[in-house]
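Hi everyone, thanks for having me.

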Amino acid sequence: MTGVRDAGADSHARATLDKASGENFPVAPFFLPRAWRDDLMAVYGYARLVDDIGDGDLASPAAEARLLGLDPAKADDRIAMLDAFEEDLHRVFAGPGEPPLHPILRTLRATVRRCALTPEPFLGLIAANRQDQTVRRYETYEDLIAYCELSANPVGRLVLQITGTASPERIRRSDAVCTALQIAEHLQDVAEDLGRDRIYLPAQDMKEFHVQEADLAVPSAGASVRALVAYEAERARELLNEGAPLVGSVHGRLKLLLAGFVAGGSAALQAVSAAGFDVLPGPPKPTKLGLLREMGAVLRGTRREG
């Protein structure tokens, strides 16, 4: 029976990790050293799973609840699931005692020890998903940026820690890139988020552009919604440009990885622009060719800076 249970747990972990191919940025590309790839995928698996819990996107909530030691009857209670997940996370950092229950957290424990990671970034991601359960609108752009500090920036900081390249300046640049990536994703997913009763367009900006919530619930965006999306996309572009020098501050394969993050955000914003800023029919997605073009532009830009 143990083998069957372990096989089922592993299949749930693989299903979570398989979502990496759908991200706007490369998660752990082939050209990185194997140890880095393993550690980046461990962090990605954690971040993806906590987001799936918070969004209610688990393929089998009851099975995930069992893996976390939670009564499957509470599997639809996202706060209870996040609490159980946080309790299991503490086992990751508890030393050689009781191992984590969830296979993704058992994998993460090896990365945490190898890279001397701290709990704060992981707790931030849980806090962001708890916030999603109670905060469904953001009054100001500053409020949204504070949310991104929890929901996005920890991932970039973990990448720098895993690769041994963290410094105050790099963290600042990384935060700008990660926040830009998060805003770009919000712009792509306006219709999907509205279906979850969430709006990540700041209420002050909606008012300024004369956009009502009802204007987001139609098949195609009107002129006011398009103007608002264009405005927010430009803000994200400015953040991306602010963070882009991060790429030129490192060398070798890490430079390619970070260029991929910046290019992914740039390509996502380009896809939003190419759709005429009409994001309501569905998420505008960049093409592989578009991503490669943006990657080349990012790398050429860092050479010019050098």
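First, the ground rules. This is a predicted model, where local features need pLDDT of at least 70, side-chain atom pairs count only at pLDDT 80 or more, and totals for chains, interfaces and linings use all residues. Residues are numbered from 1 along each chain as its sequence is written, and side-chain values use heavy atoms, with hydrogens and water left out.

Okay, the big picture. The protein chain has 15 helices and 0 strands; those are DSSP runs numbered from the N terminus, with helices being H or I of at least four residues and strands E of at least two. The radius of gyration is 20 Å, close to the 19 Å that the globule rule gives for 306 residues, so the chain is as compact as a globular protein of that length. That radius is taken over C-alpha atoms, and the rule is 2.2 Å times the number of residues to the power 0.38. If you boxed up the C-alpha atoms along the principal axes, you'd need roughly 60 × 50 × 30 Å.

How much of the chain is buried? Of the 306 residues, 49% are. Buried means under 20% relative accessible area, exposed means over 50%, and partly exposed is in between, using a 1.4 Å probe and protein chains only. As for contacts, meaning heavy atoms within 4.5 Å, take those with a separation of 6 or more: 68% of them join residues 24 or more positions apart.

Now let's zoom in on helix 8, residues 153–162. This one is mostly covered, with 7 of its 10 residues buried. After helix 8 comes G164, with a positive phi near 70 degrees.

What does S174 touch? Leaving out residues up to four places away in sequence, S174 touches G156, R157, L160 and L246. S174 sits in helix 9.

Stay in helix 9, residues 168–188, and you'll find Q188 there as well. Buried or exposed? Q188 is buried, with a relative accessible area of 2%. A polar atom of the Q188 side chain lies 2.8 Å from the backbone oxygen of P284.

That's my tour, so over to you for questions.

Notes. Polar contact = N/O pair within 3.5 Å; in protein donor to acceptor, adjacent residues only side chain to side chain.
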